[in-house]
Amino acid sequence: MPSTTTVIVGAGHCGLAMSHCLAARSIDHIVLERAEVANSWRTQRWDSLRLLSPNWMTRLPGYRYRGDDPDGYLSAPEVAAMLGDYADTSAAPVLTSTTVTSVRAAGGGYVVRTDQGTWRARTVVLASGAAAVPAVPALARLVPAGLTCLTPVGYRNPGDLPGGGVLVVGASASGIQLADELHRCGHPVTLAVGEHVRMPRTYRGRDILWWLDASGVLDQRYDEVDDLVRARKVPSMQLVGSPGRTVDLNALSSAGVRLVGRLAGIADGVAQFSGSLPNVCALADLKLGRLLNTVDAWAGAAGERFAPTAVHSTPLGLDLRSGEISTIVWATGYRPDLSWLHVPVLERKGRVVHDGGVTACPGLYLIGMPFLRRRKSSLIDGAADDAAELTTHLAGYLDALAGRRERSAS
Ligand SMILES: Cc1cc2nc3c(=O)[nH]c(=O)nc-3n(C[C@H](O)[C@H](O)[C@H](O)COP(=O)(O)OP(=O)(O)OC[C@H]3O[C@@H](n4cnc5c(N)ncnc54)[C@H](O)[C@@H]3O)c2cc1C
């Protein structure tokens, strides 16, 4: 059975960032990837998607964007190409087409089974992605037969849809982008809106992410927030990777997208929407105002404020059998898939319990989850700091392990 010091599961940007940091400390490791490097950007993104983070923010350990469009936004194939180059220039030891089928603790380390053979490792880093599969609510099973149901993972372009009305469920980054695209292609679009994070694309003449980066908002640490469980559940920002274009609820409803409340149930084929839309919009407006106040305090000057989200009277029910809606897009988020992890670190819903990526099982680490160690942890730009700190912890663990072995041998 081949052995190595560290197995990294997944060759997305997080796995590659970890590999770069381990290599810098000469820690022997292997990256196991079920498909190709950057698989999620090759196979799980829709055609028109561009990063919502600007190119200058595409930073990884030992890499920063050097192209001629720092304020642009990479397309998914461009991200895949960038990560492919990064893996090559880092000489990352990636084994592609190797699916990890189980990870178990054994003999003070881990046994990692794959469809290509079994590895033994003292430490394992789980970098298999926070957005591995779409998170579709259980009520989706109540959708009447005959409607087309899609998720952002399976959707490629408007050609995937039959004609007619579309109900997009979820108004975070994926939901607003798909509602916008489908509306522009002539579909009547209804957007079911729950808790969301309103964000202008530009603020005081700069990309909003420039302000959040420069003011340190994105660097806020996991051990500094009052309610970490809640902070880790905050939805993605309503942003689209298009220079200067804000796609918030006001922009969508002015263009003709119908806003309704959160989808609360489906009974006898009728979609039931929560009456909380005015409240969730008021809350999102309030939180945006607070965020801009933080930025202003850092900048030492007040900037513009945005009109409150306009909420008109909205229907509380929509008959899905009437023919008005032919497609439902479940833009209700994503979740990890760790069904192959057989180590007792999972909570009831199958998520890894961890403290900043360090699990209770010595030598088992996690990277790439929302607010893992910082607010920016779920962004490409967040991987560098997280990977550096986890590598420091992992190296310390290996040193302690070696010390224990030396002592017991003498
Ligand atoms: C729609 C969408 C848009 C996003 N836009 C942005 C953006 O604009 N800017 C930004 O900074 N971030 C963005 N993100 C967030 C984040 O950067 C991406 O989710 C990113 O792909 C996460 O990187 P990762 O390395 O953690 O996981 P992934 O990219 O998902 O990589 C995980 C890898 O693990 C592999 N894998 C999984 N299971 C196994 C297994 N059992 N065995 C072997 N290999 C396995 C997968 O094939 C995959 O290659 C976006 C996310 C989504 C979903």
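Let's start with the residues W46, S48, L49, R50, Q177, D180, E181, R184, V240, G241, S242 and R245, which line the second largest pocket. A pocket is an open set of points on a 1 Å grid over the protein atoms alone, where a 1.4 Å probe fits, with protein on both sides within 12 Å along at least five of seven lines; lining residues have an atom within 4 Å of a point. This is a predicted model, where local features need pLDDT of at least 70, side-chain atom pairs count only at pLDDT 80 or more, and totals for chains, interfaces and linings use all residues. Residues are numbered from 1 along each chain as its sequence is written, and side-chain values use heavy atoms, without hydrogens and water.

Where does the second largest pocket lie? Domain 1 (3–132 + 336–409) and domain 2 (134–330) both give residues to its lining, so the pocket lies between them. These bounds come from an automatic or database domain assignment.

## Rings that meet

Now for the aromatic rings. W211 and W298 have ring centres 6.3 Å apart and planes at 80 degrees, so the pair is edge-to-face. Rings of Phe, Tyr and Trp (its six-membered ring) pair if their centres lie within 6.5 Å; planes under 30 degrees apart count as stacked, over 60 as edge-to-face and the rest as tilted. Ring pairs also link Y203, W210, W211, W298 and F306 into a cluster.

Buried or partly exposed? W211 counts as buried at 7% relative accessibility, while W298, at 43%, counts as partly exposed. Buried means under 20% relative accessible area, exposed over 50%, and partly exposed in between (1.4 Å probe, protein chains only).
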